[in-house]
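Good morning, everyone, and thank you for coming.

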Amino acid sequence: MSEQKVVTRFAPSPTGFIHVGNIRTALYAWLLARKNNGQFILRVEDTDKEREVVGSIEHIKKSLKWLGLNWDQGPDVGGPYAPYIQSERLPLYKKYAEILIKKGLAYADPFSEEEIEKFRQQAETDKKPFLYREHRPEITPVWDGTTPLRFKISELKRTEWKDVVWGELSAGPEALDDFILIKSDGYPTYNFAHVVDDIEMGVTHVVRGQEFISSTPKFLALYEALGVKPPLFVTTPPIMGADGKKKLGKRDGAKDIMDYEKEGYLPETIINYLAFLGFNPGGEKEVYTREELINVFDLTKVHHAGAQWSDDKLDWMNKEHIKMLPYEEVEKNILHCLPEGMKNPKLVPLVLERISKWSDVEEMVQKGELNFFVEQPKYNKEKLIFKNTSPQKISENLKEAFIALEKIDEKDFNQENIKSILMSIAEKLDSRGEILHPVRFALSGLDKSPDPFIIADILGKTETLARLEHAASLIS
RNA sequence: GGCCCUAUCGUCUAACGGUUAGGACAUAUCCUUCUCAAGGAUAGAAUCGCGGUUCGAUUCCGCGUAGGGUCACCA
């Protein structure tokens, strides 16, 4: 009756940054562990020393931390199965290799890389899948560690297994091969090392992308050879690029997850969006907090087909998450993005409704959309004219606006009062634009801008009146 | 090429044999408005094809088609 504790892991290799595809797998593993009060392990699979990129472990940890995917065991925090870096666990793989050798289930590979390459090319010209086992030597030398150690598939059979997400899966005997356990450089292969570690660390749910489905029969053969019951397999669907139909990978321009931080997306947005790309709890709610996600996450509702990435929807979702932030938080972030001289809380509401992510603020500034705040705009006087209204009329209206606004007390010079007073004038005209347009243009100098009331409020009484006066002087 | 997997609006998805096939993003129109943004409303838009099973198929089965994955001393 003892309930098995859920143990999941995220096991990246330090070959650079991690992108959304990697992160979603990590997220599902994390959600699964959190939902079940289990353990989430971070394990570094650095067995390919050639592809290793310096600094990537730190970068990956930074990415996970930014997203709040905290790990219970791993490189920094340690844990009962430390170390959590595969290159520091070499003796363990050796030990497992010895067990297999003793059982007669592993042997030294006598072929050179060139010879194997020839076999492979032959298979290709024959249009057949390459299987090493078809070249398996009769007599194998004793393994001395200088050549690869291969796993000996003992029984060629159809493999059937159950995946938590995909259900019943199977593969023919051609999926089985004498794969390499330990490379000639002494490091284990992924195929071997991850199985050993998952066994040692008591991983209950192996969460990974569907690119591993086709090698699962090999893993199962290895579990069988070691006499260990395999864990549950949780296979996630791929994420497709936004334009093409290809799986999103680094080659197809998949971005570093930290780029999303730089662009000003909230980590909650990334988590939410990623969780829903390939999973849906049912119902019509789409914006979820981290805690809500943990609650509703359900492996049986993870999809099988790939889903296409959409920046549009991501932006929309980020807006939704910004709305959920306390206002002080929003203000802090927007002010942070504004350059010196523009760091004014009054600009925040105006900016807020025009952005979907923090970096949009910088874009607004760059486009000059906020320049009206720091300087008297320069423009041609023709721009003040509203449609067919005569310059005389425009001039009169500007003066009338000036007089009306001048009457407002300095301390009452706010959006509401400005609006009511200007609108009362506007209503009497043939078209409200006859006054609203020149006033707005006099204040902003922009074809497209926020309404004149908010701009006047932001500029303050003195500056507002000065700009109206300037406009009137241009046109008269 | 072998093996494996997948298939609902343009996109993300809901509907665990019976619905006018629902929602969201995007798009369009309208309202609000001098403009833009935001907000509100409305609209168009889908079950890949062909056969079965069934009183009834988006849903189950087969075939086809299309897409994806994989076949390393990479993970």
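Helices here are DSSP runs of H or I with at least four residues, and strands are runs of E with at least two, both numbered from the N terminus. This is a predicted model, in which local features need pLDDT of at least 70 and side-chain atom pairs count only at pLDDT 80 or more, while totals for chains, interfaces and linings use all residues. Residues are numbered from 1 along each chain as its sequence is written, and chains are lettered from A and ligands numbered from 1 in the order in which they are written.

Let me start with the RNA. The surface near RNA strand B (near meaning a C-beta atom, placed from the backbone, within 6 Å of it) draws at least two residues from each of α4, β6, β11, α10 and α16, and α16 gives the most, with four.

Now to helix α3, which runs over residues 90–102. Which of its residues are buried, that is, have 20 or more other C-beta atoms, placed from the backbone, within 10 Å of their own? They are Tyr-93, Tyr-96, Ala-97 and Leu-100, and because they cover an arc of only 105 degrees, taken from the directions from the helix axis to the C-beta atoms, they sit on the same side of α3. The face turned away carries Pro-91, Lys-95, Glu-98 and Lys-102, which are exposed (12 or fewer such atoms). Just after α3, Gly-104 takes a positive phi of about 75 degrees.

Technical notes: Expected span 1.5 Å × (residues − 1).
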